[in-house]
Amino acid sequence: MLITKIYTTDEIEKAANELRLGELIAFPTETVYGLGADATNEQAVKRVYLAKGRPSDNPLIVTVSSRKMVEEYVESLPERAVKLMDAFWPGPLTMILKIKEGALSKAVTGGLETAAFLETVAIRFPSDKNARSLIDAAGIPVAAPSANRSGKPSPTTAQHVYHDLEGRIAGILDDGPTQVGVESTIIDLSSEHPVILRPGAVTVEQLEEVLKETVLSDKHKVGMKEVPKAPGMKYKHYAPDAQVLIVKAGDWDKALLWRKNKQERVGVMAFNEVLKNADLPKKLSYSLGDTVFDASRRLFAGLRYFDSEEKVDFILCAGVKEAGLGEAYMNRLKKSAGNVFFDEI
Ligand code: TXA
Ligand code: MG
């Protein structure tokens, strides 16, 4: 078993050196913590799948620290990509582009066992200062999925990463909690029309404004047999052991009463406005703050809190309007709840 080192932001050079040697280093980005490996090193990338317990057909995002790096790994840069880079990079937007053959490890594209994803690659240029310094110092493209065990909520602190991956990775660069809290928006630019594969902090509205065209969302249901556009979508996600129930704003009185009469332990994740009037044991309440930005930042931490520190059987969690950042928040919450709302039980 490896000893997982915690690096401070003064030790970026050391962490970068480990990456260059083919070791796995988790690091903060503005969205969630990523699990980094040299994207050109097949052995290193294979270890990412092992450490996470990730199915090998689920491709990884390649993280870069400059636009120039992108050109080395993609076949060409479509005009749409250039427009989106100008508007949103560095930042929480991942683009799917046609890959340049042989430029990256095959394992990155999920192509170890199937040939299905060899044609495209997901590229992200994070705005987080430390993420950029780490990639710069390593001087390589860094394959970096979220640094959680497969199926668990993405980590928003170094402690979350440590909890999931201690003994499985060489180190974690710790810079406290992340800013956005939900993973980047993923837009597919490899086919005729731009399609959002995963909503994030860069919203549909913002993308359409820059591209001056309709951007579709890939909302069709993904069955196990067909090959989904973002392969990660077919797997169980963000799921704590407890059953999560989504509570619509108007249903809190009913939900809190239900909780009171329940034999099992029920945790509550709600906005301060609701919590201040709810008569709840402190340990069973987790604040989502006051706004959808706060809630997105805290969602995964709350789910993890009720999964490890304060184990419960049910989690009542606030739903929000599915617009702007609310779309990304609800996308993650619905997955963690298996789409179950409180008013349906
Ligand atoms: O904010 C983020 O994007 C974080 C931070 C760490 O950068 N990363 C992240 O990576 O969320 P991951 O691997 O947990 O999620 C990436 C998603 C997966 O659902 C995967 O299936 C999809 O992107 N993906 C990766 N490459 C793809 C490709 N070539 N075509 C379609 N989907 C792809
Ligand atoms: Mg992930």
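Helix 7 and helix 11 (325-336) each supply at least two residues of the lining of the largest cavity. This is a predicted model, in which local features need pLDDT of at least 70 and side-chain atom pairs count only at pLDDT 80 or more, while totals for chains, interfaces and linings use all residues. Residues are numbered from 1 along each chain as its sequence is written, chains are lettered from A and ligands numbered from 1 in the order in which they are written, and side-chain values use heavy atoms, with hydrogens and water left out.

Helices here are DSSP runs (H or I, at least four residues; strands are E, at least two), numbered from the N terminus. On a 1 Å grid over the protein atoms alone, a cavity is a set of points where a 1.4 Å probe fits but cannot get out; a pocket is an open set with protein on both sides within 12 Å along at least five of seven lines; lining residues have an atom within 4 Å of a point.

The largest cavity has a volume of about 60 Å³, volume being the space filled by probe spheres set on the points, which are joined across faces, edges and corners. Among its lining residues are Thr-185, Ile-196, Val-204 and Glu-327. By class the lining has five nonpolar, four polar and two charged residues. Nonpolar means Ala, Val, Leu, Ile, Met, Phe, Trp, Tyr, Cys and Pro; charged means Asp, Glu, Lys and Arg; the others, Gly among them, are polar.

Helix 7 (residues 204-211) also pairs with helix 4 (residues 79-88): their axes come within 10 Å and cross at roughly 120°. Axes are lines fitted to C-alpha atoms, for helices over the stretch in contact, and angles run from 0 to 180 degrees between N-to-C directions. That makes helix 4 oblique to helix 7; under 35 degrees counts as roughly parallel, over 145 as roughly antiparallel, 65 to 115 as roughly perpendicular and the rest as oblique.

Now the second pair. The axes of helix 6 (residues 158-165) and helix 10 (residues 292-309) come within 12 Å, crossing at roughly 45°. Contact, meaning heavy atoms within 4.5 Å, involves His-160, His-163 and Asp-164 of helix 6 with Ala-301, Arg-304 and Ser-308 of helix 10.

Which residues lie nearest the centre of the second largest pocket? They are His-160, His-163, Arg-304, Tyr-305 and Ser-308, out of 15 lining residues. The pocket's volume is about 270 Å³, and helix 10 gives the largest share of the lining, six residues.
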